Amino acid sequence: MRPEPIRIEPIFSPRLWGSRSLAPLYPEKSNLAEPLGEAWLTGVDCKIASGPLAGKSLGEAWSAMPPDWRGTLLAFCKEFPILVKFIFPQDKLSIQVHPDDVYAAAHEQAAGGKGKTEMWHAVSSEPGASLLLGLKPGTDKKRFLAAMKENRLEDVFQSHPVNAGDTFFIAAGTPHTIGPHVILCEVQEYSDLTYRVYDYGRVDGRGKPRELHIEKALEVMKFGVAAPSKVTPVQLPSDCVRKTLLVACSYFAAERWEFRATVQAESSNENFEIWVILDGTGHIHWQGAPLAYQRGQCWFIPASLGKFSLQPEQSTSVIRTYVPDLPRLWAELRQAAVPETQLAQTVFA
């Protein structure tokens, strides 16, 4: 099976807090009958739209593809490791927290047994947009429970304004919620474990409130830890493309590339890559026929693809994400003279 770039079709998920228009990423999804909150780009049920595995789900394709497509670091990984989404909130999400791997392995085997560490990158933002991430200094479990009982839970959170291009890293155990009027690209460890703490009194279409998971949330929540702030991205050396390392951890690394001229690239035999088109149109050139790309699409780049290029017709922005060899990445960034203080704000062990 010859390696080639393959396009993955998104799955759109209804959410109480979602939007009735997903423009400009998906202009065909406007004036919707029900609000959509998420577009899952690498869900295992997403369909492969092109290439030799077309028609299979991503989960089926992952099992069927040759090991050299996955890369040497992931050749024996049984489950697809990265979940990438777009999030379209027009209301606040629930206040929530995610468990880490140790807790999930002990208590959530039926749900996959994996924790959830994630990052958000703001694709767009309207004036006044904000999110809550981490607790204010001095907030212990007693103060948290008192605020929850008095319906003033937001008061104990750190609030962060959100502008287009901002990036936030959310380690497992960090309580959070997203506010309205932003579009986020989320890259995360592949897990859907969420413990809701507070849902603003909302009810579903049947008039029932969504389930809360307060006891588990309190067990995994990290009290006494300094609230995270906006990530400081690292500019990577490059000639004809603006490359920015947004964040890296053992589960994923994510970069943003921006370019107006043809960009030469080459896959690594260690890991596959996911390319998400944030803006622009053009073609992916490889050993076979050129493949057209456009905004909102998600592409899987096999580790064994080799050299390829992106030729834009319009100015293009993409998110490139992969599972890194974190010690090696750290060493490469040090060699590129990135200051340790900056690395500590972008690369998380």
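Is arginine 256 buried or exposed? Arginine 256 is buried, with a relative accessible area of 17%. That value comes from a predicted model, as does everything else below.

**Salt bridges**

Arginine 256 has a charged partner: glutamate 258 forms a salt bridge with it, and the closest N and O atoms sit 3.8 Å apart. Glutamate 258 itself is partly exposed, at 28% relative accessible area. Side chains of opposite charge can pair when their charged atoms come close. The structure holds 22 salt bridges, and three of those pairs are set out here.

| Pair | Closest N and O atoms | Relative accessible area |
|---|---|---|
| Glutamate 258 and arginine 256 | 3.8 Å | glutamate 258 28%, arginine 256 17% |
| Lysine 114 and glutamate 79 | 3.3 Å | lysine 114 27%, glutamate 79 48% |
| Glutamate 154 and lysine 92 | 2.8 Å | glutamate 154 29%, lysine 92 31% |

Take the salt bridge between lysine 114 and glutamate 79, with its N and O atoms 3.3 Å apart. This pair links distant parts of the chain, 35 residues apart: lysine 114 is in the loop between helix 3 (101-107) and strand 6, and glutamate 79 is in the loop between helix 2 (67-70) and strand 4. Lysine 114 counts as partly exposed, and glutamate 79 is partly exposed too.

Then there's glutamate 154, which forms a salt bridge with lysine 92 at 2.8 Å. Glutamate 154 is partly exposed, and so is lysine 92.

Salt bridges also join up into a network, with Arg15, Glu38, Lys85 and Glu186 as its linked residues.

**Pockets**

Now for the open space. The largest pocket has a volume of about 600 Å³. Its lining takes in 28 residues, and nearest the centre are Glu255, Arg320, Tyr322, Leu329 and Glu332. Among the elements giving at least two residues to this lining are strand 15 (253-259), strand 22 (316-322) and helix 6 (326-335). By class, the lining divides into 14 nonpolar, five polar and nine charged residues.

The second largest pocket comes in at about 440 Å³. Of its 26 lining residues, Gln96, Lys116, Asp192, Thr194 and Arg196 are the closest to its centre. Strand 10 provides the largest share of that lining, with three residues. Here the classes run to eight nonpolar, seven polar and eleven charged residues.

**The cavity**

How many cavities of 30 Å³ or more does a search of the whole structure find? The search finds one. About 40 Å³ of space lies in this largest cavity. Its lining is made of Trp275, Ile277, Ile284, Trp299, Ile301, Phe308 and Leu310. Strand 17 (273-279), strand 20 (298-301) and strand 21 (307-312) are the elements that give two or more residues to that lining. The class count is seven nonpolar, no polar and no charged residues.

**Threonine 174**

Threonine 174 is found between strand 9 (167-170) and strand 10 (176-178). Since its relative accessible area is 11%, threonine 174 counts as buried. Its side chain reaches the backbone oxygen of alanine 171 at 3.0 Å. Leaving out residues up to four places away in sequence, threonine 174 touches Gln96, Val97, Leu133, Gly134 and Pro228. Gln96 also turned up above, among the residues closest to the centre of the second largest pocket.

Technical notes
Residues are numbered from 1 along each chain as its sequence is written. This is a predicted model: local features need pLDDT of at least 70, side-chain atom pairs count only at pLDDT 80 or more; totals for chains, interfaces and linings use all residues. Side-chain values use heavy atoms; hydrogens and water are left out. On a 1 Å grid over the protein atoms alone, a cavity is a set of points where a 1.4 Å probe fits but cannot get out, and a pocket is an open set with protein on both sides within 12 Å along at least five of seven lines; lining residues have an atom within 4 Å of a point. Grid points are joined across faces, edges and corners, and a volume is the space filled by probe spheres set on the points. Helices (H or I, at least four residues) and strands (E, at least two) are DSSP runs, numbered from the N terminus. Ala, Val, Leu, Ile, Met, Phe, Trp, Tyr, Cys and Pro count as nonpolar, Asp, Glu, Lys and Arg as charged, and the others, Gly among them, as polar. Buried means under 20% relative accessible area, exposed over 50%, partly exposed in between (1.4 Å probe, protein chains only). A polar contact is a pair of N or O atoms within 3.5 Å; within protein, one must be able to donate a hydrogen and the other to accept it, and residues adjacent in sequence count only if both atoms are side-chain atoms. Contact means heavy atoms within 4.5 Å. A salt bridge is a side-chain nitrogen of Lys or Arg within 4 Å of a carboxyl oxygen of Asp or Glu.
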